[in-house]
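Please have the structure open as I talk.

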Amino acid sequence: MVHTIVGANWGDEGKGKVTDLLAEKSDVVVRFQGGANAGHTIINEYGKFSLHLLPSGVFHQNVYNVIGPGVALNIEALLSELDSLTSRGVPMPKLLISDRAQVMMPYHVDFDKFEEERLGKNSFGSTKSGIAPFYSDKYAKVGLQVCQLYDHDILRKRLEIALVKKNCLLENLYHKPAVDVDALVAYLEGLAEKIKPMVCDTTLFLHKANKEGKTILLEGQLGTLRDPDHGIYPYVTSSSPLAGFGCVGAGVTPRDMTDIYCVTKAYSSCVGAGPFVTRLEGAEGDELRRRGGDAGEYGATTGRARDVGWFDAVATRYGVMVQGGTEVVMTNLDVLGYLDEIPVCVAYEVDGKQITDFPSTPTLMRCKPVYEMLPGWKTDIRGIKNYNDLPENCRKYVETIEKLIEAPIHMVSNGPRRDEIIYR
Ligand code: GDP
């Protein structure tokens, strides 16, 4: 049985908290795409953690955590993340790394940085963790799989081939020093030794686990609107954050997938470049940003201030539809308790018309939000455990959005901690 947790919007919806919560009832948690470019914030009995590469099941000792073949594996970042957990009292988690996952090279990270510098104001808001150069190489077939780290000749040969082009670009386009192949081989072989006990055929492992009736949880990173095909191209990431891609990136089959949990915030937040129709500028935005999340809306990986805005039902309905969400989890509902009235974007206005279907990027850039005002509840709802104990206007807010996005909201999160969740 495969459950999937994905983001309905631009990322940072609170998936980490939901995964940490559902991991308790799972046997395996799998990361299937992306790399150390996004972060999940998790607050539990060990403290507050920002996970970038590790699956969110690492706090549960009985859970296997899998890095699937679709992930961009930065080995050094992974080891330092593991270290930061164990040094704070978290027992060493059970971690398996796919032998088919590909390795993030130091030059991928450098190229990402150099390219953003070169593009200047035309950049795409990269987190500069090497993601775009990594996936470009993977699909251009000049990447390196983890299994290839353990054959010296293959490793050296692959790097020699890749470095001809890399060094040409480094020296001539970016005016930086070339990469030395021997130094890189030695560095990678050192890292490979450290992860060796965790490397295996995770696809086989997952198929066996599934056959034995185990519960497998796939954990997506970012959200629908960052998908290279269905998102706001070119302001997207380089791997698919869709549940549909979960099968490929993790190594399970579509027929094993059952529940798809789509996570959305009770308002909107977006880090990175690109059109964001409900973006709030000025004091209103500053206030929502300050009150949002567990300590304001700042990126878990970059520390960048996130743009914030009112709930966008047009983008979210689309986001849930493309993910195939069987249910929706609404997080950060407690954040809105200070407002007299809460605007919800129910349509976009563009070229003199109102539309309710999410358009492609050039049209989206011209869209203006059409708001409907909902009454606020003006109370702190943290600590409430039962849905019916929420103020009437708060329930009305949830139920209005549920109708607008055409998917059932079964869980409402009213605080950043693991236990702050209301089931409906
Ligand atoms: P993810 O990448 O989807 O896991 O999201 P992030 O962890 O980057 O961002 C979500 C932010 O919201 C984090 O700061 C969480 O601690 C916080 N958070 C999650 N759920 C809630 C909630 O219900 N209320 C509040 N106030 N904060 C929440």
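How do the residues of the shell around the ligand divide into nonpolar, polar and charged? Keep in mind, before I answer, that what you are looking at is a predicted model. The shell divides into 2 nonpolar, 11 polar and 7 charged residues, and in total 20 residues surround the ligand, with Gly-16, His-40, Thr-41, Asp-294 and Ser-413 the closest.

In terms of secondary structure, helix H1, which covers 15-23, and strand S3, which covers 40-44, each supply at least two residues of that shell. The largest share comes from H1, which contributes 3 residues.

On the oxygen side, an oxygen atom of the ligand is 2.7 Å from a polar backbone atom of Lys-15, and a polar side-chain atom of His-40 lies 2.7 Å from an oxygen atom of the ligand. On the nitrogen side, a backbone N or O atom of Gly-293 lies 2.9 Å from a nitrogen atom of the ligand. As for exposure, the ligand taken alone would expose 590 Å², and the protein buries 98% of that area.

Where does the ligand sit? The ligand sits in the second largest pocket, and about 500 Å³ of space lies in that pocket. Of the 32 residues that line the second largest pocket, those closest to its centre are Gly-14, Thr-41, Gly-293, Asp-294 and Arg-306. If you colour the lining of this pocket by class, you will find 9 nonpolar, 13 polar and 10 charged residues.

A search of the whole structure finds 2 cavities of 30 Å³ or more, and I will take them in order of size.

The largest cavity has a volume of about 40 Å³, and the residues that line it are Asn-9, Trp-10, Gly-11, Asp-12 and Glu-13, together with Lys-265, Tyr-267, Ser-268 and Ser-269. By class, this lining has 2 nonpolar, 4 polar and 3 charged residues.

For the second largest cavity, the space is about 30 Å³. Its lining is made up of Trp-10, Ile-232, Pro-275, Phe-276, Val-277, Asp-312, Ala-315, Tyr-348, Phe-358 and Leu-364, which by class gives 9 nonpolar residues, no polar ones and 1 charged. The peptide bond from Tyr-233 to Pro-234 is cis, with omega near 10 degrees, and Pro-234 has its place in the loop between strand S10 (216-219) and helix H8 (243-251). The other point concerns Lys-141, where phi is near 65 degrees, a positive value in a residue other than glycine; Lys-141 lies in the loop between helix H4 (131-139) and helix H5 (152-172).

Technical notes: Residues numbered from 1 in each chain as written. Predicted model: local features only at pLDDT ≥ 70, side-chain atom pairs only at ≥ 80, totals over all residues. Heavy atoms only, no water. Near = heavy atom within 4 Å. Polar contact = N/O pair within 3.5 Å; in protein donor to acceptor, adjacent residues only side chain to side chain. Areas by Shrake-Rupley, 256 points an atom, 1.4 Å probe, with all protein chains shown as cover. 1 Å grid on protein atoms, 1.4 Å probe; cavity = no way out; pocket = protein on both sides within 12 Å on 5 of 7 lines; lining within 4 Å. Sits in = over half its atoms within 2 Å of the grid points. Helix = DSSP H or I, 4+ residues; strand = E, 2+ residues; numbered from the N terminus. Nonpolar A, V, L, I, M, F, W, Y, C, P; charged D, E, K, R; others polar. Points joined across faces, edges and corners; volume = space filled by probe spheres on them.
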